[in-house]
Amino acid sequence: MRYSIYPGCTMEGPALFFLKATEAVAEALGMHLDEIPDWNCCGASEVSGVVGEFTQQVMTARNLAIAEAKGQDVLVACSSCYMNMGLTNKHFKDDPHFAQMANEALAAGGLKYNGTLKVRQIVDILVNDIGLDKIKARVKKPLTGLKVAGYVGCQTVRALPWEYDDPERPVLLDQLIEALGATAVPFPMKARCCGSSHAIAQTEIVLEHSKEILESAASNGASMLVTNCPMCQMNLDAFRGMINQVHKTNLTLPILFFTQLMAIAFDLPPAVAGLKHCVVSPYEVLAPLGVGK
Amino acid sequence: MVNNSILVVGGGISGLTTAVEAAEVGYEVFLVEKNSYLGGKVTQINQYFPKLCPPNCGLEINFKRIKSNPKIRFYTLAEVENISGREGDFDVTIKLNPRYVNENCTACGKCAEACPVERSNDFNYGMDKTKAIYLPHEFAFPMKYIIDPKACAGNGCTKCADVCQYNAIEPGMEAKTVTIKVGSVVWATGWNPYDAAKISCYGFGTYPNVITNVMLERMAAVNGPTKGKIVRPSDGKEIKSIAFVQCAGSRDENHLHTCSTVCCMASLKQVTYVRKQYPDAKIVVYYIDIRSRGKHEDFYVKVQNEANAVFIKGKAGEIKEDPSNNNLIVIAEDQTSQVLTEEQYDMVVLATGMQPATAAAQVPAEMTYDEDGFLASDPVTPGIYGAGCVNKPLDVAAAVQDATAAALKAIQSVRRQNNG
Amino acid sequence: MVDNKISSAPVKYDNSFAKEIYALENGHYAQICMQCGMCAVSCATHDIMDYSPRRLFNLVRVGKKEEVMRSNTMWMCTACCMCKVRCPRGIPLVDVMHDLKAMAIKQGYVDYPHAAFHQAFWQEAFSRGRVFEGGIMARFILKRGLGEIKKLLALGMKDMGMGMLKHGRVPLVPPRKIKGLKELQQIIQRAQALQEKEAK
Amino acid sequence: MAKKTGVFICSGCGIGESLDVDALVKVAAKECKAPVCKTNPFFCGAEGVELIKQDIAAGELDCILVVGCSNRVNYNAFDFGPSVTVERVNIREQVAWSHEPNDEDTQAMAEDIIRMFMAKAKTVEAPVPYIVEDLSKTIMVVGGGMAGMTAAIESAKANYQVVLVEKEASLGGWLNKLYKLAPLKTPFTSLEDTNLEARINEINSNPNIKVYTSANIEKTAGGPGLFDVTIKQNGSEISERVGAIVLATGAVPYDPEKLGHLGFGTSPNVITQSMFEEIAKKGTIARPSDGKEVKKIAFIQCAGSRDAERLPYCSAACCVESMKQALYLKEQDSEAQAYVFYKDIRSSGQYEHFYKAAQTAGVIFVKGDVTGVSAGNGGTLVIEADDILMGEKTMADELDLIVLANGMVPTTAFTEGAYVGCGVQVPEPEAGAEAAAAADAPVPAAPIIKSNILNLVYRQGPELPDLKYGFPDSHYICFPYETRRTGIYAAGSVRRPMDMVQAIEDATGAALKAIQCVEMTAQGAAVHPRAGDTSLPDFQLNRCTQCKRCTDECPFGAINEDEKGNPLINPTRCRRCSTCMGACPERIISFKNYSVPMIGNMLKAFEVPEEDEEKPRILIFACENDAIPAIDMAGINRLQYNPWVRIIPVRCLGSLSLVWINDAMSRGVDGVLLLGCKHGDDYQCHFMKGSELAEIRLSKVSETLDRLGLESERVQAKTISIMDYEEIPKMLAEFMEKIEDLGPNPMKGF
């Protein structure tokens, strides 16, 4: 199965190891990923607040226009990227006036998008294209006994509600966790916002929300969290020291990208899993499974 | 040859009305009902608003009218599979599902006593159980037992047949198909409560003490799962506080686009149920607009004055559960005070709206529907008319009016064919 | 922050501001709000917002421009989309908030640091085709001054940076500009022009 | 009429295990002398039915008692053609299942039931349908507005002749005033033309419809099938015989003069909804004061409606109407501003789409209470309000126009030009006044307002009885066309506040009911709720004392009076409730299949134990509509209750004759219990006041009882609903306790 992949800026920066793990896991499952050539920033949640939605979507559309040549479904992992790519794509399909205008703008760069692609979240692809059975079959080191809180966050399930999961009570990530042999721990904050890109402009929000999410996962018995959003991972992982300092807590739950967890279960080389990039050390939690540095 | 008979599909209050009204004008009527009994949704309602009278009272009269009128023939456990032909000359294929109990049944009840297995009681929305052979409810018309083949222990077990002195049990009964000829058709398959589990933020299906308005009707009914006592499903305890959440799915583009018209009055009515049983309970209604139209306003005023309920202008946005005691926390923006309120309740009732039955099961003929699945006003196939809640959300009185009007449309249809 | 106190003189309904808002790209959605309050409950940051989105739309309706433009409501939006998913009228509140932010920036209501952050992000994306955290930070601090750094340091941002560095998550060199940057910029400029034309 | 009654006693379903069936046979065959009496464990099965058939053939039976289960089970099993009367005698639910098996009291109960129904069988006769000569099947529609025109067209489309009477010079009614209509169909988002011309053309070109415009109804005499209507048109009188009537005279706007608090009268620019329609219809929407084009408008909802001092009800249509009118202005000038001040937006059902459409067009909705309307600059107006969602005092100024959504008042609510629907005391109707004057007959009658519409020549008043606020609506939810004047059906906004879509449906439904009424009348059959009943009351007028109780109490106004005060029955108006029978102190009214002697014989048939047996006997008269099914349900649920009761089903407690109480008491019965429907505001009786009348009659008998040395507590009335079956054992136990306290009836043994 071939997909075009849109990594997005974060996955070539602070979440590069998410991309690496994802690529390795994809390969292990027989997927072939083609990175969209010379892709550009999707605009995240910021650009439309400065220059408007149309301009932001046109910017995103450049990536779709480039990807259209391959005609493959576009795999997106980052939540903001998925939201922007997905919404833009939907807009192209649903609104002919928008499509015409956007193409007029794209023409300034010599591009055109016919709206033929599908934009897919990676979780959607893994569960619905690859299938849980195939993933289960690939597991070499079942994560038995590991209690994992699947933290879905917001935009991946809510940007295009019901596209592949319940926007408020998502279940697919938990199914993936269970497929790896781990126990998916239900917790009410599963789809709560972490504070997102307020990390810089309004850091308190991120610290507060992240704390609540971590506490919720911990109090429901989780020993770790996994997520599929680079922003969430960063807020819950890299900001942990600040969280504990400001809120006088001692929250030690590690947070991994779910493809890292897959890499472990698939028994891929440690470098692929990229555990060393996690600021909050996961080694203690993973020790019973024989995962070491 | 023009056929003068009328087919009415759906034996709820609308279909019953169309059938009886047309037959009393003198037309031959076939009434087709998918359940094993006639009466439809109103049989599950405890009391009608605003009179607070029992629906079985009016149903008894309608059943009497059917019993005494040879022009009406009805089929239960029946579904219309196909309609072909044209106005004045329709061929209709009806599938008759097996009851596994034949006409010998005297409703003596010996079989149910003997039956060793239980099934979830759909009549009470799964809040209690019946035996696998059961009487759907005590007012069931026709009054015959039925076997749920999914629950029946089957093969080896012959306990019910063993005790039946009337040879009424027929495990080998099979579905049959009959074809009838009719001149016109009235489609009156009614509505279903909107699936509250689809409203993720309310936690129905996850939190045991979040129930729907139709479930509360059963709970309040003397022949319901709790014999009329309104209690918490999680622990059967009496309630000290209860919230009614209006527009749970209605007036919502993510769910039902229309206003379901009945839920405001239904909740006001249910407030009176609760108040009667719990003089001191806290009762709160969360609403966007209270739509007690026309003379129903009197009832709203009465409930405001007498039932001591709090009305919060603000749609309930989210329901959370305290897992330690299964209490519920309803969060809403109280728009008169402009603040977010978080109140705890023992139980929450979702005023789920009406989804037309045609949203899931369309008429097997060419028809048009609106975005919610209601039949559009102008019929596409001449001779086929909607009646009741497949046309639009209606309360009982309005559904009966609509169904009476549909009877005339069906009569006009066959008359027109006779003329022309 | 905005003064929430109720004044004694009656507030006069003034439609001119509402017209301005309804003319925005997604602003027209605000007029179909039926004032149910679902957004207020759904919002991840409602507790620190001056007004819930519903109240904000109500203020727009009434015509209280200063209250709306100076409120923090749109800046607090994290684009988590919960309100958008739940709004019974199908209002894409996130996008309306984006419009309000853009309008605020355009009209100089830029007191909140978020305005600077948004601008920094935009400039980074426009000038490179991709964004680099370091670049955004630099632009942000440039706009807001060193005070922001002090604030962040007080919260322990330094350790956070060190942690990132230690775990190999901070690329020291910014990624290269994209190859088709010029084309991208041309596309963006054309889009801006079209967008302005459309607004009229 | 000589009768051969066969008794078939079923021993199945636990009857045989609980009762001595042979002893029952003895009662039927020996004591009651039934020519045929058989038992079988399964009479409702094919073989059982065959047995009965053979006996019918052999013994030429013309009456069959099937003694077994309730007729709700296998109701259609025993059909032996029209020449054989079948009576189901219930000893399954009412005896075997609800009392101790093989107990002498249980056995006695079953035996008595057989005795009672044998007695009934002896008296009952087959009714003879009343076939009307010169019956008209024409439908008269009164009122030529949307509802009236719809009723006329729809009736005509079903091939019925129609007479349409309109008081104005042209048809259309309210539609004449309207610029456009709110949407009538999917997707419910855009305005529609009234299409008035086309609608009128359709009527005028339909040969089945005869139209009288500028016409009033002078009087309406007769009854269904035989209504003789005198129509006055242009000074001349025309007579029409019609079969049934649809009353569709609509509503009128609430008097804006009473809306001074909302500024009406202070400026010509404060107008009503209908005034706004006129303006919109003329073309440009401009200020009445100076013709300046309107740029800013405000609508004030619930102007008069939902106001305890004005119209307590909601007028149902105004929210959608104001949306529509605001869109008129938006249509003229999309930049114009429209504010709607509301309490609750009641765009119910699919009009939710229209609400959104109005918002999308820029109409601004303000939930607020208007506190004042005053003059502003340059001829403009100012509204001050408490904006609830702002939590502040607000003000809308520079308004060119204020439209008051002033609600609707039914045309039936007027007498001599004055509205009497509410807020004002409804004048005591004549019937009620007279009745009150006759000290012993205080009949609570529904108020009838003299609204000069139908001018019925009815003893009980000239118009339809009012339900509330002047609306002659049905009192029933499941039977919204159940009328208190047989053959006359109200439809549209005269019946209850409603919008156009509802009025169209309602009118179509009413047309069906009118058609149905003439068809059933043609067969001599009653209409709902005793649909198909062909019995009629016979009056032995030579014994009539002109007490007028029957004419007063008939819930349907079926009985008129001649000059001497003798009752004149209009058979086609009769609904066979038998209230007259119970009302008559001389017992001169009876039905072939239901009469005072028939019940009298039943209550004389059961055995009354001697005092020393210490078994009090209680007689229950139970309404067959609600109480009998409830008693059935008690049996189906195997609830156990006192076996010393004997139950006689009655058509309605309104048929209760006091002589039955007398007879029972003089036989030594220890107590009598009446079980009837709930009465009061939310009454349940389909004959309006049956149980209430019975209680009133009872209050009269108690004095007599006291005089005879009998405690009046021995006779009691209770109300019961079909769902109250759980209460029955307790209710009977309490009554039994009371009777035991009182001791045996001293008349025993006399």
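User: Which strand does S15(B) pair with in the parallel sense over 4 bridges?
Analyst: In this predicted model, S15(B) pairs with strand S16 (residues 310-313) of chain B, in the parallel sense and over 4 bridges. Within that pairing, Tyr287(B) stands opposite Lys313(B).

User: And what sits between S15(B) and S16(B) in the β-α-β unit?
Analyst: H7(B) does; S15(B), H7(B) and S16(B) make a β-α-β unit that is right-handed.

User: What about S14(B), how many bridges does it make to S15(B)?
Analyst: Strand S14 (residues 241-248) of chain B is joined to S15(B) by 5 bridges, in the parallel sense. One of the residue pairs is Ala243(B) with Val284(B), the latter in S15(B). Between S14(B) and S15(B) the chain runs through helix H6 (residues 263-277) of chain B, and this β-α-β crossover is right-handed.

User: Why is S15(B) described as largely enclosed by the rest of the structure?
Analyst: Because 5 of the 6 residues of S15(B), which covers residues 282-287, are buried.

User: Ok, domains. How is chain B divided?
Analyst: The domain assignment gives domain 1 (6-96 + 175-192 + 355-419), domain 2 (110-163) and domain 3 (195-352) of chain B. Taken over C-alpha atoms, the centres of domain 1 and domain 2 of chain B are 28 Å apart.

User: How many residues does each of those two put into the contact?
Analyst: Domain 1 of chain B gives 10 residues and domain 2 of chain B gives 8 residues. The domain 1 side has 4 nonpolar and 6 polar residues, and no charged ones.

User: Switching to chain B against chain D. How many residues are in contact?
Analyst: 65 residues of chain B are in contact with 71 residues of chain D. On the chain B side, the elements giving two or more residues are helix H1 (13-25), helix H2 (55-67), helix H7 (297-306) and helix H8 (396-419).

User: Which one gives the largest share?
Analyst: H8(B), with 13 residues. By class, the side of chain B that touches chain D has 26 nonpolar, 20 polar and 19 charged residues.

User: What does chain D itself look like? How many helices and strands?
Analyst: Chain D has 19 helices and 31 strands. Its C-alpha atoms fill a box of roughly 100 × 60 × 55 Å along the principal axes. Of the 750 residues of chain D, 59% count as buried. For contacts in chain D between residues at least 6 apart in sequence, 69% join residues at least 24 apart.

User: And which domains is chain D divided into?
Analyst: Domain 1 (1-126), domain 2 (139-252 + 410-522), domain 3 (255-406) and domain 4 (594-750). The centres of domain 1 and domain 2 of chain D are separated by 49 Å, taken over C-alpha atoms.

User: Last topic, chain A. Where is Leu146(A)?
Analyst: Leu146(A) is in the loop between helix H7 (132-138) and strand S5 (147-151) of chain A.

User: Buried or exposed?
Analyst: Leu146(A) is buried, because 24 other C-beta atoms lie within 10 Å and the cut-off for buried is 20 or more. Leaving out residues up to four places away in sequence, Leu146(A) touches Ala182(A), Thr183(A), Ser223(A) and Leu289(A).

User: What is the strand order in the sheet with S5(A)?
Analyst: The order is S6-S5-S7-S8 (chain A), an open sheet of 4 strands with parallel pairing. Strand S6 (183-184) and strand S8 (255-257) of chain A stand at the edges, each with a single partner strand, so one side of each has no neighbour in the sheet. S5(A) pairs with strand S7 (residues 224-227) of chain A over 4 bridges, and Tyr151(A) has Thr227(A) as its bridge partner in S7(A).

How values were computed. Residues are numbered from 1 along each chain as its sequence is written. Chains are lettered from A and ligands numbered from 1 in the order in which they are written. This is a predicted model: local features need pLDDT of at least 70, side-chain atom pairs count only at pLDDT 80 or more; totals for chains, interfaces and linings use all residues. A residue is buried if 20 or more other C-beta atoms lie within 10 Å of its own, exposed if 12 or fewer, and partly exposed in between; C-beta atoms are placed from the backbone. Two residues are in contact if their C-beta atoms, placed from the backbone, lie within 7 Å. Ala, Val, Leu, Ile, Met, Phe, Trp, Tyr, Cys and Pro count as nonpolar, Asp, Glu, Lys and Arg as charged, and the others, Gly among them, as polar. Domain bounds come from an automatic or database domain assignment. Two strands pair if DSSP finds at least two bridges between them. A crossover is right-handed if, with the strands pointing away from the viewer, the path from the first strand over the helix to the second runs clockwise.
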